[in-house]
Amino acid sequence: MIADALLQLRILQENQRGKLYYAQGCLHPDRVMQEHDFVYMLNGQWEIFQGREAFFMENDDVLILHAGQHHFGVRDCLPGTQTIYFHIGAGHKDTFQCGKETPSEGALLPPLIHCGGRPRVKLLFQELVSIWHEPAPRRDRKLDTLFELLLLELEECCGQEAHFH
């Protein structure tokens, strides 16, 4: 369930409030995380690998790096690249699959999603990070709702019909 994963939501480098600026460019870390890594490209370019597959991010792209999968970079991002990101704990029903079959629960999203022309995706990333960092009544419920809305928007970016249970 999304709520289970959101309770584990963790954003690193809190002083950055989930936004990173790479003035000189930077190589993506070589790692396997136990969390999903959601990255929104505000400005710039970056090639990031998950397993053997390369994903080339540009402005307004979202990259979802799946928990338990090896991801890394081989070249620095473009100097001046800016991203918004958050890490979210993997739910017990999460799977990493290459097939196109829609799961019975949740969402099926490709790792790289082109979101140009959908400003709501960027706004949802910003709002998720903002609410995470501010003590607020019902914070977990707000995060849960925003994350589900983000998944719906990402599915629409992919041209998929929303499929949630």
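Strands β4 and β5 form a hairpin with two residues between them, and glycine 51 in the turn has a positive phi of about 65°. Helices (H or I, at least four residues) and strands (E, at least two) are DSSP runs numbered from the N terminus, and two strands pair if DSSP finds at least two bridges between them.

A word on the model itself. This is a predicted model, in which local features need pLDDT of at least 70, side-chain atom pairs count only at pLDDT 80 or more, and totals for chains, interfaces and linings use all residues. Residues are numbered from 1 along each chain as its sequence is written, and side-chain values use heavy atoms, with hydrogens and water left out.

| Partner of β4 | Residues | Direction | Bridges |
|---|---|---|---|
| β5 | residues 53-57 | antiparallel | five bridges |
| β7 | residues 70-72 | antiparallel | two bridges |

Opposite glutamate 47 stands phenylalanine 56 of β5, while phenylalanine 49 has phenylalanine 72 of β7 as its bridge partner.

Where do the side chains of β4 point? Trp46, Ile48 and Gln50 face one way, Glu47 and Phe49 the other. In a regular strand the side chains alternate between the two faces of the sheet. Because five of the five residues of β4 (residues 46-50) are buried, this strand is largely enclosed by the rest of the structure. Buried means under 20% relative accessible area, with a 1.4 Å probe and protein chains only.

Stepping back, the protein chain holds three helices and nine strands. Of its 165 residues, 42% are buried.

How values were computed: Buried < 20%, exposed > 50% of the residue type's maximum accessible area, 1.4 Å probe, protein only.
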